[in-house]
Amino acid sequence: MTSIVVYRNDLRTELTHLQSGTVIENDAPTDNHGKGERFSPTDLLATSLGSCMITTMAIRAADMQLDFRDTRIEITKTMSTDSPRRVAGIKADLFFTPAFTATDDQKEQLERIARNCPVEKSLHPDIRLDIHFHW
């Protein structure tokens, strides 16, 4: 078992990661009867893509002895306007610090690793992905 999700109230759930005991909460979004005071389930889906991309890149960057600290990904999620509600697109902009100095070959390897992370490979092909690397 990976996690436990418990419905609390007011369209809020509590998510517990069993291995670490870490707890986070999420809310339904404001455009679907929620308060939007926490990540929504679809926010977590889109954000998981960014987390997966940056983590897999960091593993390879460490092997390359590159300073990957403070690299960030800005995620924008787009919902479909038709029914059923679903994530229609995810935009990810990756930004690297001036301390990050990589060769063109290393950058190409890192982009390939990011684009093959487990979350991206798990997303439905109908979800439009708009990924930009800002070296």
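R8 is partly exposed, with a relative accessible area of 44%; buried here means under 20% relative accessible area, exposed means over 50%, and partly exposed is in between (1.4 Å probe, protein chains only). Its side chain meets that of E14 in a salt bridge, at 2.8 Å from N to O. A salt bridge is a side-chain nitrogen of Lys or Arg within 4 Å of a carboxyl oxygen of Asp or Glu.

Before going on, a word on what you're looking at. This is a predicted model, so local features need pLDDT of at least 70 and side-chain atom pairs count only at pLDDT 80 or more, while totals for chains, interfaces and linings use all residues. Residues are numbered from 1 along each chain as its sequence is written, and side-chain values use heavy atoms, with hydrogens and water left out.

Now to R12. Helices (H or I, at least four residues) and strands (E, at least two) are DSSP runs, numbered from the N terminus. E25 itself is partly exposed, at a relative accessible area of 29%.

R12 also forms a salt bridge with D27, and here the closest N and O atoms are 2.7 Å apart. Again the pair links distant parts of the chain: R12 sits in strand 2 and D27 in strand 3, 15 residues apart. D27 is buried, with a relative accessible area of 1%. Follow the shared partners and you get one network of salt bridges that joins R12, E25, D27, E37 and R38. Across the whole structure there are 13 salt bridges.

What about the charges overall? The chain has 16 positive and 20 negative side chains, where Lys and Arg count as positive and Asp and Glu as negative, with His and the chain ends not counted. The centres of the two sets lie 2 Å apart, taking the place of a charge as NZ of Lys, CZ of Arg, CG of Asp or CD of Glu.

Step back to the fold. The chain has 3 helices and 6 strands, and along the sequence they follow the pattern β-β-β-α-β-β-α-α-β. The C-alpha trace spans about 50 × 35 × 25 Å along its principal axes. Of the 135 residues in the chain, 36% are buried. Among contacts (heavy atoms within 4.5 Å) with a separation of 6 or more, residues 24 or more positions apart account for 48%. The chain exposes about 8500 Å², and carbon and sulfur atoms supply 50% of that; accessible areas come from the Shrake-Rupley method with a 1.4 Å probe, and for residues only the protein chains shown count as cover.

Leaving aside residues up to four places away in sequence, K107 touches A102 and W135. K107 and W135 are 28 residues apart along the chain, and their C-alpha atoms are separated by 8.3 Å.

Most residues other than glycine have a negative phi, and most peptide bonds are trans. L11 has a positive phi of about 60 degrees although it is not a glycine. You'll find L11 in the loop between strand 1 (3–9) and strand 2, and at 35% relative accessibility it counts as partly exposed. D70 also has a positive phi, near 70 degrees, and is a residue other than glycine. D70 is in the loop between helix 1 and strand 4, where it counts as exposed at 66% relative accessibility. As for the peptide bonds, the one from S83 to P84 is cis, with omega near 0 degrees. P84 lies in the loop between strand 4 (72–79) and strand 5 (87–95).
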